[in-house]
Amino acid sequence: MRKVRVNIKDKSGGNSYDIIIGSGVLKSFSQFYDTSKCSSVALVVDKALLNQEWYKTLLSSNDFKQSQKVKFIEISGAESVKNVDGLSYLWHEFQKSGLDRKSLVVILGGGAILDLAGFAASTYMRGVAFIHVPTTLLSQVDASIGGKLAINLGEFKNLVGSFAQPKAVIIDLETLVALPYREFVAGIAEIVKHGLIYDRKYLSLLEKTPLKQNDQERLMDIITRSCEIKSEVVSLDETEDGLRKTLNFGHTAGHALESLSKKTNYPLLHGEAISLGMLVETEISKLIGFISQDDVNLVRSVLQIQGLPVKLEFSIDLKEAHRIMLSDKKNVASKIKWSLLEKLGKATFDVEVETSVVEKAFEVI
Ligand code: GLY
């Protein structure tokens, strides 16, 4: 088992927490969080997980077996539920379950459900404690850490939300066993991103051999290093005034591609869109003179080796892509603010780039 500390620099230090990483760790939940001090516990779970062996084991553990104190709330983990209706549904479920300010909400699922239910918990009664139990690779190395909570507003992704930190993040590698292979691979995109923006040596661990879903030992090392990188960045800049913006590398172009793909026969998973977005933004970094063609080739090769897409399967209207990128909430005064690679292993942020350069960069995919 590994432990990574997320240090949040509030005055009391009371918002800092541990990320627990291991195989079968959910069985020892109370070792990481003492539920006896809570008045009640609500388990918000993605419906798709109800038949998983690890979930059944969790339900028979002392912490979660049927009792007056434990309430179960099942919800779809789809991105389409991450909206005002989904939020209102959860608030009403919390109210019907009799949650109070000493309750704990334990959230099991992927990024969409962690964002939605975390936001619901952090606003219910002005904030009920919550724990994230991410069950996809992507959410284990990204969405579960750092306290960004949000819902979508119409077509605008994560437009309404807040920063509120969980009490703990518990990553059980057993939850990855039944993850669809395509989703597993998509999660590797955020791992590659951590190497690209923060740690050249870490990137080299991904250059030659694909990550395998059943290679628990390697996964443990990789997930731990990604959690360390994400928590170091968040510890230095919780509210994204500077350094945390580098975590958005690949996401400006990636979100536009993800959104455009929904209207085609080739809808992209988030991680797949981020793979293509990172390649576009690597190319921008080259076109403005930060990095070399060899660096671009290396980034393409790492993504390919990990089974991530590097070519678009559909054509895009660049004007439409530009309109979507302009609507991104990271922008200021109608200017797209890019997070780009200064070199492999180091990113910078708030870079403005000519539209013609951006359009040219899209040719790389
Ligand atoms: N997903 C990027 C961040 O947490 O800042």
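## The largest cavity

About 40 Å³ of space lies in the largest cavity of this predicted model. Applying the 30 Å³ cut-off, the count comes to one cavity.

Which helix gives the most to the lining of the largest cavity? That would be H2, spanning residues 53-60, with three residues. As for the general idea, rolling a probe the size of a water molecule over the atoms shows where empty space is left.

## The second largest pocket

Moving on to an open site, the second largest pocket has about 160 Å³ of space. The residues around the second largest pocket are Asn15, Ser122, Gly127, Val128, Ala129, Phe130, Phe163, Ala164, Gln165, Lys167 and Glu238. How do the residues of this lining divide by class? Five are nonpolar, four are polar and two are charged.

## H9 against H10

Now for the helix packing. H9 covers residues 251-261 and H10 covers residues 270-287; their axes sit 7 Å apart, at an angle of about 130 degrees. The two helices are therefore oblique to each other, and their crossing is right-handed.

On the H9 side, the contact uses His251, Thr252, Ala253, Gly254, His255, Leu257 and Glu258. Facing them from H10 are His270, Ala273, Ile274, Leu276, Gly277, Val280 and Glu281. The class tally for this contact of H9 with H10 is six nonpolar, six polar and two charged residues.

## H9 against H12

H9 also packs on H12, which runs over residues 318-326. Here the angle is about 120 degrees and the axes are 9 Å apart. H9 passes H12 in a right-handed crossing.

Which residues of H9 meet H12? They are Thr252, Ala253, Ala256, Ser259 and Leu260, and they meet Glu320, Ala321, Ile324 and Met325 in H12. By class, the contact of H9 with H12 comes out at six nonpolar, two polar and one charged.

## H10 against H11

The axes of H10 and H11 (residues 293-305) come within 9 Å, crossing at roughly 175 degrees. That makes H10 roughly antiparallel to H11, because angles over 145 degrees count that way. H10 brings Ser275, Met278, Leu279, Thr282, Glu283 and Lys286 to the contact, while H11 brings Gln293, Val296, Val299, Arg300 and Leu303. Split by class, the contact of H10 with H11 has five nonpolar, three polar and three charged residues.

## Two positive phi values

A last stop at the backbone. Most residues other than glycine have a negative phi. Against that background, Asn158 has a phi near 55 degrees, a positive value in a residue other than glycine. Where does Asn158 sit? Its place is in strand E8, residues 156-163.

Glu240 likewise has a positive phi, near 55 degrees, and is a residue other than glycine. Glu240 is found in the loop between H8 (216-236) and H9.

Note on methods
Residues are numbered from 1 along each chain as its sequence is written. This is a predicted model: local features need pLDDT of at least 70, side-chain atom pairs count only at pLDDT 80 or more; totals for chains, interfaces and linings use all residues. Side-chain values use heavy atoms; hydrogens and water are left out. Axes are lines fitted to C-alpha atoms, for helices over the stretch in contact, and angles run from 0 to 180 degrees between N-to-C directions. Helices (H or I, at least four residues) and strands (E, at least two) are DSSP runs, numbered from the N terminus. Angles under 35 degrees count as roughly parallel, over 145 as roughly antiparallel, 65 to 115 as roughly perpendicular and the rest as oblique. A crossing is left-handed if the near helix is turned anticlockwise from the far one by less than a right angle, and right-handed if clockwise. Contact means heavy atoms within 4.5 Å. Ala, Val, Leu, Ile, Met, Phe, Trp, Tyr, Cys and Pro count as nonpolar, Asp, Glu, Lys and Arg as charged, and the others, Gly among them, as polar. On a 1 Å grid over the protein atoms alone, a cavity is a set of points where a 1.4 Å probe fits but cannot get out, and a pocket is an open set with protein on both sides within 12 Å along at least five of seven lines; lining residues have an atom within 4 Å of a point. Grid points are joined across faces, edges and corners, and a volume is the space filled by probe spheres set on the points.
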